[in-house]
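The sequence and structure come first, and the details follow.

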Amino acid sequence: MIGNYLPPKYAPGIDAPVFLMMNRAGSVGKTSFANSVFVEASLRGYRGIIFDADLQSDMSYWFGWDGDYIPDGTPSIHDLMLGRAKLKDVLVPARTRIAPGHDESSFETIPGLQLVRGDIKMKQADGELAMGDSTAVFWLQEVIRKQIEPGSVDFIAIDAPASYGRLSESLMAAATDVITMMKPMRKELRGARALAEEITSMNDDMDRFDVRVSPTWYCINDAKVSSQGHFYSNIQAEAAEIYGDRLLPELRNSVVVAEAFDAQEPLPIWAPKSDVMKVIHKIADRLGFTERPREA
């Protein structure tokens, strides 16, 4: 198992961390972080599954699967949540674009990384989960526990919506480690503290359902240098004081991230020698994805 993470309490046979990228605010870099870091992990030889549970399904678009335009009869995360499809039916390979067009020849598979493609229908998820019985919130727990073969993955990652409702609660119930993304703003620090309190409350309230999730990592996106204002520097210094070694290396805004998304090429492939990728390398190391040879 990578790092010193605890396996899911509800599925001890799945000896892999379940990372949840989360913040109650939008546009904080959750998807960019997850896409870059977990593609880098796969390029280092680690096997994983990414669940795109964000309402915008930007993760899926980045990998060449558009969650706004899903062909009729194609199962997605929405069908998985409602129990209308199995995990094996909704998994698709993570991909990078290699040519214009939309057919399979326009993309190349990223080895070791699979995606549960997002769906715009997930905007209905809070209401649908609320209408279900009291166990509906554990849908993702059940998928991971029953439908992922032990030893088949090194990590699981979940891209959550920018809100805190029934869907987010269900994702948190399945997670082991939350990565809280934030910008260097006071409201972001307050939001991170509130999210940590929600996690503590969930662990207390749902312990009998084997929920065990930790606010493990924090990451500041769009970090500023001192010349851009002491306000930002002070917030970043305060975050470092609060979170200590749980604060990951800071990410600075870079146009190459937007270019990579537009090109539908993950950043480690689009701009592997960029300054932002130097930080991604450090983050991957901190998360436990140290370099290792890929098995034959």
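## Packing of H6 against H7

Helix H6 passes helix H7 in a right-handed crossing; a crossing is right-handed if the near helix is turned clockwise from the far one by less than a right angle, and left-handed if anticlockwise. H6 covers residues 139–147 and H7 residues 166–174, and their axes come within 7 Å and cross at roughly 35°. Axes here are lines fitted to C-alpha atoms, for helices over the stretch in contact, with angles from 0 to 180 degrees between N-to-C directions. Helices (H or I, at least four residues) and strands (E, at least two) are DSSP runs numbered from the N terminus.

On the H6 side the contact is made by Trp139, Leu140, Gln141 and Ile144, and on the H7 side by Leu167, Ser170, Leu171, Ala173 and Ala174. Contact means heavy atoms within 4.5 Å. By class, seven of these residues are nonpolar, two are polar and none is charged. Ala, Val, Leu, Ile, Met, Phe, Trp, Tyr, Cys and Pro count as nonpolar, Asp, Glu, Lys and Arg as charged, and the others, Gly among them, as polar.

## Basis of the model

This is a predicted model, in which local features need pLDDT of at least 70 and side-chain atom pairs count only at pLDDT 80 or more, while totals for chains, interfaces and linings use all residues. Residues are numbered from 1 along each chain as its sequence is written, and side-chain values use heavy atoms, leaving out hydrogens and water.

## Ser170 in H7

Ser170, in helix H7, is buried at a relative accessible area of 1%. Buried means under 20% relative accessible area, exposed over 50%, and partly exposed in between (1.4 Å probe, protein chains only). Not counting residues up to four places away in sequence, Ser170 touches Leu129, Val137, Trp139 and Leu140.

The side chains of Ser170 and Trp139 make a polar contact at 2.9 Å. A polar contact is a pair of N or O atoms within 3.5 Å; within protein, one must be able to donate a hydrogen and the other to accept it, and residues adjacent in sequence count only if both atoms are side-chain atoms.

## Helix H10 and its surroundings

Helix H10 spans residues 255–263, and its buried residues include Val256, Val257, Ala260 and Ala263. Seen down the axis of H10, the buried residues fall within an arc of 135°, so they line one face of the helix. The arc is that of the directions from the helix axis to the C-beta atoms. Val255 and Asp262 are exposed on the other side of H10.

The cover over the buried residues of H10 includes helices H1 (30–43), H2 (58–62), H11 (267–270) and H12 (275–287), together with strand S3 (91–97).

Most residues other than glycine have a negative phi. Gln264 follows H10 and has a positive phi of about 60° although it is not a glycine. Gln264 sits in the loop between H10 and H11 and is buried, with a relative accessible area of 7%.

Asp222, also not a glycine, has a positive phi of about 60°. The loop that holds Asp222 runs between strand S7 (214–220) and helix H9 (230–243), and Asp222 counts as buried at 16% relative accessibility.

Ser106 is in the loop between S3 and strand S4 (107–116), and is buried with a relative accessible area of 2%. A polar atom of the Ser106 side chain lies 2.9 Å from the backbone oxygen of Pro100. Leaving aside residues up to four places away in sequence, Ser106 touches Thr96, Arg97, Ile98, Ala99, Pro100 and Gly101.
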